[in-house]
Amino acid sequence: GSRSKAEAEAARLLSRPLEPGRTDKGALRRAIRELMIPQASGEGREGHRLLWELMDILVEFDGAFHVDEARAEEEKKKKKATGGGDAPKTPQERVTRMLLRGQGGNEGGAEGPVLRAPDEMQMQQPGSSRALSPEAEEAAVAEVQALLVRGRTQDACALAVSRRLWPHALALAASVSPHAYQTVLARFALQRFRDGQPLQTLYLLLAKQPSQIFAAGDAGGGGAGGAPGAPLLREWRRNLAVIIANRTPGDVKVIVSLGDRLWREAGGRDRDGDPAA
């Protein structure tokens, strides 16, 4: 029957190395798809199909399991131009959808909302900084996981940031890009610690965001006494100590700026010799 013919054709085509441009991929894939349908039912039925489907993916993509981002984007544009819809664009997507088929939930289905990439997010975000309840945190972690099993690392990182799952957000941002990690670390420092706290100062320096160290106090018009950056000035000794004990690029400018602000607070003159306002 058709199955025996498919087996013979697959055996013939697989008896020699597969060579892009020379192997008849169309004929081989047709034979493989015939063989995806197992003859017998039972425990091995799904495993049988998965193995042949995996072979089909390997043949389609010339043995590659990874396609670089430029090629993936080009394929995406082609699919869109030809009305290809939401069909998987890369071998990673094909394999992921195959593995998640029938697993419940929407992990292998709709793509879901696209979130803002972690390196495009603003430093500060309105909302409560209170921790999630254990139940809400568990649900949020499940959402992050669902995005990750579809390969949407940037969206998972952005969701972790929006739900203040900082350990997850920082771990994922490190895998996205150095800039994404610095952005998320700065967000963590600004939302987790009070203005002027030495940990906030150090983490903002590590995130290469020294301008944010004085920004919070300045934006608020100054704290007690109306001085710009007052929270930092109130704890200047501990802040200066943490900066000196943990040297980072750009910290000299922060030390100088801190000294200037302390000098002006004491009624000294600025660098041009004019009386401090």
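**View 1. E235 is buried, with a relative accessible area of 16%.** Here buried stands for under 20% relative accessible area, exposed for over 50%, and partly exposed for the range in between, with a 1.4 Å probe and protein chains only; the areas themselves come from the Shrake-Rupley method with a 1.4 Å probe, and for residues only the protein chains shown count as cover. E235 forms a salt bridge with R238, in which the closest N and O atoms are 2.3 Å apart, a salt bridge being a side-chain nitrogen of Lys or Arg within 4 Å of a carboxyl oxygen of Asp or Glu. The model is predicted, so that local features need pLDDT of at least 70 and side-chain atom pairs count only at pLDDT 80 or more, whereas totals for chains, interfaces and linings use all residues. Residues are numbered from 1 along each chain as its sequence is written, and side-chain values use heavy atoms, with hydrogens and water left out.

**View 2. D56 and R33 meet through their side chains in a salt bridge, at 3.7 Å from N to O.** This pair links distant parts of the chain, since D56 lies in helix α3 (residues 44-60) and R33 in helix α2 (residues 25-35), 23 residues apart. Helices (H or I, at least four residues) and strands (E, at least two) are DSSP runs, numbered from the N terminus. D56 counts as buried at 1% relative accessibility, whereas R33, with a relative accessible area of 46%, is partly exposed. Both residues belong to a network of salt bridges that links R29, R33, D56 and E60.

**View 3. Within helix α3, R49 and E53 are 4 residues apart and thus separated by about one helical turn.** Their side chains meet in a salt bridge, with 3.7 Å from N to O. R49 counts as partly exposed at 30% relative accessibility, while E53, with a relative accessible area of 9%, is buried.

**View 4. The setting of these pairs is a chain with 14 helices and 0 strands.** The structure holds 9 salt bridges. Of the 277 residues of the chain, 34% count as buried, and the accessible surface of the chain comes to about 16700 Å², of which 53% belongs to carbon and sulfur atoms. Where a contact means heavy atoms within 4.5 Å, 55% of the contacts in the chain between residues at least 6 apart in sequence join residues at least 24 apart.
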